[in-house]
Amino acid sequence: MRPNRPEQPVARQNRHARSDNQVRVYEEGDIPAILEGKESPLVLILDCVQDPHNLGACLRTADAAGVCAVIMPKDKTAPITETVVRVACGGAENIPLIRVTNLVRAMDKLKELGIWLVGTADEATKSLYDLDLKGGIGIVMGAEGPGMRRLTGEHCDFLVKIPMAGKVECLNVSVATGVCLFECVRQRQPRK
């Protein structure tokens, strides 16, 4: 005689997720209108983030940090699926998502609009914490594993690294995105 197995626990509902799934995706030509009138805009640029959970987590963090827009290439990036929307917990619906054919061209457009581009790279010598992140800033994050593509990195105004104290070589892209965006938030807070 077998003992009775306990019932499997049921996963709790995600109370932050929205059910309407009204995600609007913009084009490269919409960038000036989206940023118009924004004082010190903060933009997130994701270079080929392919895991839907990472993409969703990046969008959730971007919304929490007050990002004006998230720009990503149309190719080699996770599509905006139900998983992305669920993991983003409202971030996908709240932030303008801009999918572009040519990421470098979109980065040049941001520069024309007065936004400084800060790329993250393990090989960078400057620390994230040594850079002034006030004003118009675009944080550029690379893909899982390979990081930013070469041309993307070359079009950044600054390359920075997140100082690492342990033995692991790098952080997950969604965690690194959170570190970078909230350093921007910290620096933009009024001093008391």
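**Figure 1. E183 and R186 sit about one helical turn apart in helix α7 of this predicted model.** The two residues are three positions apart within helix α7, so about one helical turn separates them. E183 and R186 form a salt bridge. Their closest N and O atoms are 2.7 Å apart. Side chains of opposite charge can pair when their charged atoms come close. E183 is buried, at 4% relative accessible area. R186 is partly exposed, at 47%. Helix α7 spans residues 173–188.

**Figure 2. A salt bridge joins D157 to K111.** The structure holds seven salt bridges. The closest N and O atoms of D157 and K111 are 3.6 Å apart. D157 is partly exposed, with 29% relative accessibility. K111 is also partly exposed, with 31%.

**Figure 3. D132 and K134 form a salt bridge.** Here the closest N and O atoms lie 3.2 Å apart. K134 has a relative accessible area of 42%. That value makes K134 partly exposed.

**Figure 4. W116 and F158 make the one aromatic pair of the structure.** How are the two rings placed relative to each other? The ring centres of W116 and F158 are 5.8 Å apart, and the planes meet at 40°, so the pair counts as tilted. The pair links distant parts of the chain. W116 is in strand β5 (residues 116–120), and F158 is in strand β8. The two residues are 42 positions apart. Strand β8 covers residues 158–161. W116 is partly exposed at 48% relative accessibility. F158 is partly exposed at 32%. A pair of aromatic rings is described by the distance of the centres and the angle of the planes.

**Figure 5. D47 makes side-chain polar contacts with R149 and T152.** D47 lies in the loop between β2 (42–46) and α2 (52–65). Is D47 buried or exposed? D47 is buried, with 0% relative accessibility. The contact between the side chains of D47 and R149 is 2.8 Å. The contact between the side chains of D47 and T152 is 3.0 Å.

**Figure 6. C48 has a positive phi.** C48 lies in the loop between β2 and α2. Phi of C48 is near 70°, a positive value in a residue other than glycine. C48 is buried, at 5% relative accessible area. C89 is another buried cysteine, at 13%. How many disulfides are there? The count is zero. A disulfide would need a pair of cysteine sulfur atoms within 2.5 Å.

**Figure 7. S40 also shows a positive phi.** S40 lies in the loop between α1 and β2. Phi of S40 is near 50°, and S40 is a residue other than glycine. S40 is partly exposed, with a relative accessible area of 34%.

**Figure 8. E28 contacts R105 through its side chain.** E28 sits in the loop between β1 (25–26) and α1 (31–35). The polar contact joins the side chains of E28 and R105 at 3.0 Å. E28 is buried, with 15% relative accessibility.

**Figure 9. M164, V168, L171 and V175 form a nonpolar patch on the surface.** Together, these residues have about 310 Å² of accessible area. Where does L171 lie? L171 is in the loop between β8 (158–161) and α7 (173–188). L171 is partly exposed, at 32% relative accessibility.

Definitions and conventions
Residues numbered from 1 in each chain as written. Predicted model: local features only at pLDDT ≥ 70, side-chain atom pairs only at ≥ 80, totals over all residues. Heavy atoms only, no water. Buried < 20%, exposed > 50% of the residue type's maximum accessible area, 1.4 Å probe, protein only. Patch = residues over 30% accessible without salt bridge, like charges linked within 9 Å, V, L, I, M, F, W, Y side chains within 5 Å. Areas by Shrake-Rupley, 256 points an atom, 1.4 Å probe, with all protein chains shown as cover. Salt bridge = Lys/Arg side-chain N within 4 Å of Asp/Glu carboxyl O. Helix = DSSP H or I, 4+ residues; strand = E, 2+ residues; numbered from the N terminus. Phe/Tyr/Trp six-rings, centres within 6.5 Å; stacked < 30°, edge-to-face > 60°. Polar contact = N/O pair within 3.5 Å; in protein donor to acceptor, adjacent residues only side chain to side chain.
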